[in-house]
Amino acid sequence: GNLARNWPLREVLRPLAVTNSYMIIAWAAYFVPIEYVRWLFIAVSFPLYVWASYDMASWVAVFRATARADMPAHGLRCSLTISLIVIFCLYGMVYLASVIGILTARSELIFILTFNFATKLLFIIGFAGIRASQFYDLL
């Protein structure tokens, strides 16, 4: 949100904190020896994902309603935010598939490493596109 939309950090702080919270809670579930407590951690993490995703989708709605139509990379900025929501959903599905035994730990690792590499590459390209379009408009 902060880089893609040029909004101040205070605007992205709550979704950032909620996202970090659900990721830490989900990760901590791996280390909880009591099964019902582990599932409680997992059950808490998914509504937190929905809350953070709602906030991020709200950013897109506000941005589309208030940004100038001629703003550089207008659509790309929105697409990056929505893509992040989708990618985190995919991470959650892989995590859940691993927890319930559909995926082995090795398969989970392969999926996560592939998602990490592809996500970082695509977002670097996206941010470069935003910066390039800003410089193009300056010229």
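**Terms and their grounds**

Analyst: In this predicted model, 36% of the protein's 139 residues are buried.

User: What makes a residue of H2 buried, and which ones are they?

Analyst: A residue is called buried because its relative accessible area is under 20%.

User: How do you know that the length of H2 agrees with what a helix of 21 residues should span?

Analyst: The expected span is 1.5 Å times one less than the number of residues, so the 21 residues of H2 should span 30 Å. The end C-alpha atoms of H2 are 29 Å apart, which agrees.

User: Where is the kink in H2 centred?

Analyst: The kink is centred on Pro15 and comes to about 25°.

User: Why is a set of residues called a nonpolar core?

Analyst: The name applies because its members are buried residues of listed kinds, such as Ala, Val, Ile, Phe and Tyr, joined through side-chain atoms within 4.5 Å. The largest such core here has 20 residues, and Tyr22, Tyr49, Ile87, Phe88 and Tyr91 are those with the most contacts inside it. Helices H2, H3, H4 and H5 each supply at least two of its residues, and H4 gives the most, with seven.

User: What is Ile87 in contact with, leaving aside neighbours within four places in sequence?

Analyst: Ile87 is then in contact with Thr119 and Phe123, since contact means heavy atoms within 4.5 Å.

Technical notes: Residues numbered from 1 in each chain as written. Predicted model: local features only at pLDDT ≥ 70, side-chain atom pairs only at ≥ 80, totals over all residues. Heavy atoms only, no water. Buried < 20%, exposed > 50% of the residue type's maximum accessible area, 1.4 Å probe, protein only. Helix = DSSP H or I, 4+ residues; strand = E, 2+ residues; numbered from the N terminus. Bend = angle between axes of the 7 residues up to and from the residue.
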